[in-house]
Amino acid sequence: METWVEQREAFQGPVFTVVTGEAVLDDGQRARRDVVRHRGGVGVVPVLDGQVLLVRQFRIAVERDTIEIPAGLREPGETLEACAARELAEEVGYAAKRLIPLLNYCTSPGFTDESTAIFLALDLHPVAATPDWDERIHQVALPLATLPEALANGTFEDGKTVIGLYAALAWLNATPAEG
C-alpha cells in the first residue's frame with residue numbers, strides 16, 4: 001500500500017488536473033508519484049436494426065481518425081445514466097428507451113483515477129444531434145455480425161471502444177433476442 005506524504009497540484013486544465021508528490025511505500029521507502037485526476041466519463045454502444053452506431057473523428061493526440069463508440073466527459077453532479085443519454089443524443093442523434101449498464105473500468109490506474117462507465121443503448125429513436133462546437137463527428141454504422149472480426153483484426157484502437165464492443169457482444173450473445 002502507498003500513502004501520500006506530500007502532494008501538490010502541478011497543472012489544472014478543463015479536462016484534468018495533475019498532482020505530483022511523494023508517497024511512502026509499505027516498507028517505508030519514499031517514491032515520487034504523478035497522478036492525473038479526471039472526472040470520468042461514459043461510453044455508449046448504440047444498437048439499431050442489427051447495427052452498432054459509431055463515430056469517426058480526428059484525434060490530434062494520435063494524429064489520425066479513429067472509430068469509436070459515442071462517449072464523453074461526465075459533468076459535475078451528472079449521473080452516469082444522464083451522461084450516457086446526453087452523449088448518445090449529442091453524438092449520434094438518438095435516444096434510448098433502455099440504457100443498460102455493462103461495466104465500469106479504470107482507464108489506466110498506473111497514473112490516473114479516470115474511470116469510464118459503458119452502457120448498451122437499445123430501443124433507439126431519433127432526436128436532434130448536437131455535437132459540441134469543437135467536435136467533427138461522422139457517424140459510422142457497422143453490422144453487429146462484423147464486430148468479432150473487426151475487433152480481432154485491430155480495426156478499433158480506442159480502449160473504451162474495444163472494451164465496450166466486447167462487453168456489448170457478450171451481453172447480446174447472452175440475450176440473443178436483443179440483437
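1. The feature "domain: Nudix hydrolase" is placed by UniProt, in an unreviewed entry, at residues 37-164. UniProt positions are given here in the numbering of this note, feature names are shortened, and annotations may be inferred rather than shown by experiment. The end C-alpha atoms of residues 37-164 lie 22 Å apart, and the span is 20% helix and 45% strand. Helices (H or I, at least four residues) and strands (E, at least two) are DSSP runs, numbered from the N terminus.

2. The model is predicted: local features need pLDDT of at least 70, side-chain atom pairs count only at pLDDT 80 or more, and totals for chains, interfaces and linings use all residues. Residues are numbered from 1 along each chain as its sequence is written, and side-chain values use heavy atoms, with hydrogens and water left out.

3. Strand β5 (residues 51-59) pairs with strand β4 (residues 41-48) in the antiparallel sense over 2 bridges; two strands pair if DSSP finds at least two bridges between them. Leu-48 has Gln-51 of β5 as its bridge partner. The hairpin of β4 and β5 has 2 residues between the strands, and Asp-49 there takes a positive phi near 50 degrees.

4. β5 is also joined to strand β6 (residues 64-68), by 5 bridges, and the two run antiparallel. Gln-57 is bridged to Thr-66 in β6. These strands, β5 and β6, form a hairpin with 4 residues between them, in whose turn Glu-63 has a positive phi of about 60 degrees.

5. A further antiparallel partner of β5 is strand β10 (residues 138-143), with 6 bridges between them. Here Leu-53 stands opposite Ala-141 of β10.

6. Val-92 belongs to helix α1 (residues 80-92). Val-92 is buried, with a relative accessible area of 4%; buried means under 20% relative accessible area, exposed over 50%, and partly exposed in between (1.4 Å probe, protein chains only). Neighbours within four places in sequence aside, Val-92 is in contact with Pro-46, Leu-54, Val-55, Pro-70, Glu-87, Ala-129 and Gln-139, where contact means heavy atoms within 4.5 Å. The C-alpha atoms of Val-92 and Pro-131 are separated by 8.4 Å, the two residues being 39 residues apart along the chain.

7. Helix α3 (residues 159-174) has 16 residues and should span 22 Å at 1.5 Å a residue; its end C-alpha atoms are 23 Å apart, which agrees. The expected span is 1.5 Å times one less than the number of residues. The buried residues of α3 are Lys-160, Thr-161, Gly-164, Leu-165, Ala-167, Ala-168, Leu-169 and Leu-172.
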